[in-house]
Amino acid sequence: MASTPAGNRRTRVHVVSDVHGNARDLARAGEGADALICLGDLVLFLDYADHSRGIFPDLFGQENASRIVELRTARRFEEAREFGAQLWGGIGMDRAAAIEKAVRKQYAEMFAAFPTPTYATYGNVDMPPLWPEYAGPGTTVLDGETVEIGGWTFGFVGGGLRTPMRTPYEISDEEYAAKIEAVGEVDVLCTHIPPEVPELVYDTVARRFERGSHALLEAIRRTRPRYALFGHVHQPLVPRMRIGATECVNVGHFAGTGKPWALEW
């Protein structure tokens, strides 16, 4: 738990989400802040803007990465899975072992870049079982839990909901709702995915609606936090909006911009 600053000094936190391999800028993301908050997706499997970046093109090449992006963007998910299975079968490599090896390499770099203190939760492409091996003493991992920073209570809920994409950390609506309920009333509600509002879940580049959470939306309406912060949708139709008394802000632009979102009080 962060201590409350003495006197009348203001508190400033920087918030990032969807880091996706951008360790260079992550190492500077906490400069000038009392704490860094990270809302997940440290891993870069495939960059939809640059098909040469990520675990997938490293293994199968940019041309095949572009084909996967094309199929997924067209929502031809079954064809994308079949194409991926063919690629994995063609290289004769254990899929789980190859992915874990690549993820471990990225995690070693990402967690080493975190400043102290950092408060983090998982994204849908993260692998939570590996995090304890890489999170140092200055990094607090929270999921369905709260922490006090500068006199405000921050609640954290990680992961995503189940989709045809089948990313590593997708959970049921019921499990997600239970974590939202466990957090309760907070000043700032920090999640990886957005509330289920069309303007907040539509990605203008991927040209699809991502999954948001109805339970999160209802919690925002019911508990009225000052802020709801989230990522997941990289190029949202609307980057921020008010829901009742709550300012909802998408901070999921870090991989592309390298700039954290700042909150000061």
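Hi everyone. Of the 265 residues in this protein chain, 52% count as buried, where buried means under 20% relative accessible area, exposed means over 50%, and partly exposed is in between, using a 1.4 Å probe and protein chains only. Before going on, please keep in mind that this is a predicted model, in which local features need pLDDT of at least 70, side-chain atom pairs count only at pLDDT 80 or more, and totals for chains, interfaces and linings use all residues. Residues are numbered from 1 along each chain as its sequence is written, and side-chain values use heavy atoms, with hydrogens and water left out.

Let's begin with the overall build. The protein chain has 10 helices and 15 strands; these are DSSP runs numbered from the N terminus, with helices being H or I of at least four residues and strands E of at least two. The radius of gyration is 18 Å, close to the 18 Å that the globule rule gives for 265 residues, so the chain is as compact as a globular protein of that length. That radius is taken over C-alpha atoms, and the rule is 2.2 Å times the number of residues to the power 0.38. Along its principal axes, the C-alpha trace spans about 65 × 35 × 30 Å. Among contacts with a separation of 6 or more, 58% come from residues 24 or more positions apart, a contact being heavy atoms within 4.5 Å.

Now to helix α7, residues 173–183. Which of its residues are buried? They are Tyr 176, Lys 179, Ile 180 and Val 183. Seen down the axis of α7, these buried residues fall within an arc of 100°, so they line one face of the helix; the arc is that of the directions from the helix axis to the C-beta atoms. On the other side of α7, Glu 174, Glu 181 and Ala 182 are exposed. The buried residues pack against several elements, including β5 (145–149), β6 (152–157), β9 (188–191) and α9 (214–223). Just after α7 comes Gly 184, with a positive phi of about 70°.

At the start of α9, a side-chain oxygen of Ser 213 reaches to within 3.2 Å of the backbone nitrogen of Ala 215. Just after α9, Arg 224 takes a positive phi of about 55°.

Next, a look at the loop between β9 and α8 (198–201), where we find His 192. Is His 192 buried or exposed? At 0% relative accessibility, His 192 counts as buried. For contrast, Glu 31 sits in the loop between α1 (23–26) and β2 (35–38), and Glu 31 is exposed, with a relative accessible area of 54%.

Last, the aromatic rings. Rings of Phe, Tyr and Trp (its six-membered ring) pair if their centres lie within 6.5 Å, with planes under 30 degrees apart counted as stacked, over 60 as edge-to-face and the rest as tilted. The count comes to 15 aromatic pairs. One of them is edge-to-face: Phe 111 and Phe 114, 5.4 Å centre to centre with 90° between the planes. Both Phe 111 and Phe 114 are buried. Together with Tyr 107, Tyr 122, Trp 131, Tyr 134 and Tyr 169, they form one aromatic cluster.

Key. A polar contact is a pair of N or O atoms within 3.5 Å; within protein, one must be able to donate a hydrogen and the other to accept it, and residues adjacent in sequence count only if both atoms are side-chain atoms.
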